[in-house]
2 protein chains.
Amino acid sequence: MAVKIRNSCGEQPTGHVDRVKSMMRKLDESLLSHLAPFAGLTRDEIREILDQASTQRFNAGESIFDEGAVAERFFLLLDGYVRVVRITDGGDHVTVLHIPSGQLFGIASALGHTNYPATSIAVSESITLAWPMRLWSDFEARYEGFSTATQRAVGKRMTDMHDRFVEMATQQVEQRVANALLRLINQMGRKTDQGIEVDFPITRQDLSQMTGTTLHTVSRLLSAWEKSGIVESRRKHIVVSRPQELVLKGKPGAQH
Amino acid sequence: MAVKIRNSCGEQPTGHVDRVKSMMRKLDESLLSHLAPFAGLTRDEIREILDQASTQRFNAGESIFDEGAVAERFFLLLDGYVRVVRITDGGDHVTVLHIPSGQLFGIASALGHTNYPATSIAVSESITLAWPMRLWSDFEARYEGFSTATQRAVGKRMTDMHDRFVEMATQQVEQRVANALLRLINQMGRKTDQGIEVDFPITRQDLSQMTGTTLHTVSRLLSAWEKSGIVESRRKHIVVSRPQELVLKGKPGAQH
DNA sequence: CCCGAAGTTTGCGAAATCGCAAAGTGCTGC
DNA sequence: GCAGCACTTTGCGATTTCGCAAACTTCGGG
């Protein structure tokens, strides 16, 4: 095994950039072949799909599309992470959803929409493929399983949303934050020596926007958890060292 | 204009029962022809669809299907109202959604599910049509527009859900309850002399389960609003007499 | 006609969470 | 190497909302 190069505190492993560069050079069929919406398609079909796609790179913090804009394109996240947010009249940001790489997003057509219902922002450097939205119905008609796979994806997001809604309606802040963090490390976590780390830069404010609380309260909770040895955190980094104990915090009736 | 017969306080108008009876007798093509999923289909197609359906009647409070059960059938609500709830480990009930008549529900297949993700309960006497779930893909394939219409319906429920999530994350209880009540009278309201009444029996507890609060708090809010002349309520009945003022209560920064 | 169940109201103290303020800390660019 | 900005921490009082308790009201059934 290669010796790990420790880069200046908290950067993505060097592998990332290389991967990105290679993606930008050529679009390999194998990029898509193992993803649910394209599983089972022939090499030629995938080639066809790739040839119609445009690649794009986004820096962390860059917006990919904005709420209300006409939905001209739909996207596949090849690498990185994307956050979907809604902004209220009062200016509050609420994070509706996180997209890990490999998933479609901005799929307004799958929901019968002509405009994007929310804003998408890259939370770490991200690479996307994008297709003109008019191809959506072609894809559904032409490619076996595409439609089913996207339905399933929509269904999953729907039930996730319900889960979070129920959580918001019934649990208190500590439980909500604990569960949000657990979801993050489950779906977008990276193993480290000290535990599982959220795989993109994340602030207290970000967490508060996912859970409907304030950055202050999140800070207090993380401090408390850090004292109990459940998490370790640095600026924009959160490592969960004892996930099982965090699970307890996420359940109603947990001890304090 | 006919003189309105005032029936014993708060019952459904007599027309309801008659309508129900006539539905039970024969299934008329006109029942479906104006509903989005079936719009534009021929008389014969609708006949075909109706012939495969089974009709069922539910009393208020009766469960139509339960969370987790294998999704054997999908439903169309012909008359009445249905509430979709999730029940937490802690036993809390959270209302995810209300279905007005004319809409499909229990459409797990549209979301790629094999089991119902939530429980459905009739909140007033309700009549449903139901089809075996295996027909879902037939319907999608055979009937022009069915698929699109259901996608749109799913999309609408998705954005509604997002809206409510954002609301839950950012607004305080009074605003949430005000908005919930406004949605109820907009979508399932009935005009009366005193204002707009929620068209099915609804308790403080029900409202609290829609908004993530307690029946006590809802009671206090309704009492206050009643004092200001915004609503009038009797046991299980809520009439909004001044909707515009309720809209103000639903906005952040409203005066008290 | 009365009784019991279900739904509603209200008071009051307790708890959770916020909001504001101020200070600390780490990172980046120059 | 330093300045400035972004992010974080923490204290404390204010506010919202809950939780519990008790009484009241309405309705339907026997």
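A salt bridge here is a side-chain nitrogen of Lys or Arg within 4 Å of a carboxyl oxygen of Asp or Glu, and by this rule two salt bridges are found across the interface of chain B and chain A. The structure is a predicted model, in which local features need pLDDT of at least 70 and side-chain atom pairs count only at pLDDT 80 or more, while totals for chains, interfaces and linings use all residues. Residues are numbered from 1 along each chain as its sequence is written, chains are lettered from A in the order in which they are written, and side-chain values use heavy atoms, with hydrogens and water left out.

**The interface**

One salt bridge joins R86(B) to D163(A), with 2.8 Å between the closest N and O atoms. Four residue pairs, both members at pLDDT 80 or more, are in polar contact between chain B and chain A; a polar contact is a pair of N or O atoms within 3.5 Å, where within protein one must be able to donate a hydrogen and the other to accept it, and residues adjacent in sequence count only if both atoms are side-chain atoms.

On the side of chain B that touches chain A, β5 (93–100) and α5 (146–170) each supply at least two residues, and α5(B) gives the most, with 17 residues. Helices (H or I, at least four residues) and strands (E, at least two) are DSSP runs, numbered from the N terminus. This side of chain B divides into 13 nonpolar, eleven polar and eight charged residues, where Ala, Val, Leu, Ile, Met, Phe, Trp, Tyr, Cys and Pro count as nonpolar, Asp, Glu, Lys and Arg as charged, and the others, Gly among them, as polar.

Taking contact as heavy atoms within 4.5 Å, 32 residues of chain B are in contact with 32 residues of chain A. The area buried between the two chains, that is, the accessible area (1.4 Å probe) lost on putting them together, summed over both, is about 2900 Å², and carbon and sulfur atoms give 72% of this area. Q151(B), M158(B) and F165(B) supply 23% of the area that chain B buries against chain A, more than any other three residues.

**Helix packing**

Axes are lines fitted to C-alpha atoms, for helices over the stretch in contact, and angles run from 0 to 180 degrees between N-to-C directions.

| Helix pair | Angle | Axis distance |
|---|---|---|
| α5(A) and α6(A) | about 160° | 10 Å |
| α6(B) and α8(B) | roughly 75° | within 11 Å |
| α4(B) and α5(B) | roughly 115° | within 6 Å |

Angles under 35 degrees count as roughly parallel, over 145 as roughly antiparallel, 65 to 115 as roughly perpendicular and the rest as oblique. Helix α5(A) is therefore roughly antiparallel to α6(A), whereas α6(B) is roughly perpendicular to α8(B).

In chain A, R164(A), E167(A) and M168(A) of α5(A) meet R176(A), N179(A) and R183(A) of α6(A), a contact made up of one nonpolar, one polar and four charged residues. The contact of α6(B) with α8(B) comprises eight nonpolar, one polar and one charged residue.
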